[in-house]
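Q: Please take a close look at one chain of this model. I should like a connected account of its fold, its core and its contact with the partner chain.

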Amino acid sequence: MPFAVGNRTRIKLSSAALLAGTLQPQPPVLGVVTKVVGTTISITVPGQAAVAALDASFLDQITDTLAATRNLYIDQVVTGSIAGQPYVDAYTGRVVDVYDVDGVTKVLICSLFNGMYFELPVTSVTVLGGR
Amino acid sequence: MAVNDVVSQRFSPPSLEALQVQPPHFGKITAHAAPGTPTVWWDTFEVATLAAANDADLHLDVIEDAAAGVIDTFTGETVLRISSSGATALDAAGGTSREFVGTVVAIYKRTPLGDAPGSGADYLLVKSGGVFFEDVAAQFVVIQA
């Protein structure tokens with residue numbers, strides 16, 4: 001999907017040699033697309049006066065997810081899991097954002113245990129009830 | 001080094017004991033017109049045009065995928081760093097540093113710029129007691145729940 005003004009974005013921390021890894025900048029820094037000329041994307045970033053334009057290939061495109069999906073997760077307490085096995089307690093956190101990254105729906109959680117931010121696919125989290 | 005590589009400040013000998021950046025940052029090579037002069041966009045959107053006589057002098061590591069087994073072992077876990085040269089001489093494991101119990105934040109391979117792709121060591125980025133630290137994955141064990 002081509003970038004559009006208003007999309008959020010971030011530096012794409014993957015490459016041909018880095019596919020499986022997930023780097024987790026703390027905290028994540030997201031910019032907002034302000035201008036699109038071909039594949040050249042202009043971005044504003046909170047706290048920065050100006051940001052030079054960058055080619056779209058170096059950026060992750062972050063778009064709104066379906067409202068129903070967002071409502072299912074936002075402000076909920078979730079815990080991460082992989083292959084059905086729960087992560088350790090540190091990966092239990094409050095969902096502070098829900099969005100699609102290049103078409104994959106993810107939640108951004110802030111750990112209740114250590115304040116770290118973790119971005120996890122919605123398929124890898126379970127909502128904890130009663131909270 | 002190639003355009004599109006993900007890099008970080010070097011974290012391998014002889015700078016292994018360097019002060020850990022808090023938090024560590026990663027960047028993307030967006031241009032590399034001549035040796036030693038890449039443009040890096042850091043994850044904070046800060047842009048740096050570096051300058052060195054050659055790529056090796058930039059003291060950057062290329063960040064690559066860790067071995068699948070390492071990712072499977074450590075993803076989502078709490079770990080303890082085992083010091084192979086620990087001060088507790090009577091500990092058969094070489095001594096442990098309980099201060100280094102932490103949560104795994106990220107798992108990746110660091111290959112010093114200029115070395116063969118994929119030739120680096122697998123590292124864990126861990127946060128413990130409010131402090132980030134990195135070490136080679138072999139230095140950690142998973143604490144069982």
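**Chain B and its partner**

A: Among contacts in chain B between residues at least 6 apart in sequence, 53% join residues at least 24 apart; two residues are in contact if their C-beta atoms, placed from the backbone, lie within 7 Å. This is a predicted model, in which local features need pLDDT of at least 70 and side-chain atom pairs count only at pLDDT 80 or more, while totals for chains, interfaces and linings use all residues. Residues are numbered from 1 along each chain as its sequence is written, and chains are lettered from A and ligands numbered from 1 in the order in which they are written.

Chain B contains one helix and 10 strands, in the order β-β-β-β-β-α-β-β-β-β-β from the N terminus. Helices (H or I, at least four residues) and strands (E, at least two) are DSSP runs, numbered from the N terminus.

S2(B) and S3(B) run antiparallel and are joined by five bridges; strands pair if DSSP finds at least two bridges between them. Within this pairing, B:Lys28 has B:Trp41 of S3(B) as its bridge partner. Five residues lie between the two strands of this hairpin, where B:Gly36 takes a positive phi near 85°. S3(B) is also joined to strand S4 (residues 47-49) of chain B, again antiparallel, by three bridges. Here B:Thr39 has B:Thr49 in S4(B) as its bridge partner. The hairpin of S3(B) and S4(B) has four residues between the strands, and B:Phe45 takes a positive phi near 75°.

In soluble globular proteins, nonpolar side chains tend to be buried together. A nonpolar core is a set of buried Ala, Val, Leu, Ile, Met, Phe, Trp, Tyr and Cys residues joined through C-beta atoms within 7 Å. The largest such core has 36 residues, and B:Phe74, B:Ile107, B:Tyr108 and B:Leu124 have the most contacts inside it. Two or more residues come from each of S1 (6-9), S3 (38-42), S5 (60-64), H1 (68-74), S7 (102-112) and S8 (121-128) of chain B, and likewise from strand S3 (40-44) of chain A. S7(B) gives the most to this core, with five residues. Another core, of 12 residues, lies apart from it and includes A:Tyr73, A:Val78, A:Val95 and A:Phe118.

The contact between the chains takes 31 residues from chain B and 33 residues from chain A. On the side of chain B, strand S2 (27-32), S5 and S7 each supply at least two residues, and S7(B) gives the most, with five. By class, this side has 16 nonpolar, eight polar and seven charged residues; Ala, Val, Leu, Ile, Met, Phe, Trp, Tyr, Cys and Pro count as nonpolar, Asp, Glu, Lys and Arg as charged, and the others, Gly among them, as polar.

Among the elements of chain A, strand S7 (residues 85-86) has the lowest mean pLDDT (64) and helix H1 (residues 67-73) the highest (95). Where pLDDT is low, the predicted coordinates should not be read in detail.

Notes:
Buried ≥ 20, exposed ≤ 12 C-beta atoms within 10 Å, placed from the backbone. pLDDT = per-residue confidence, 0-100.
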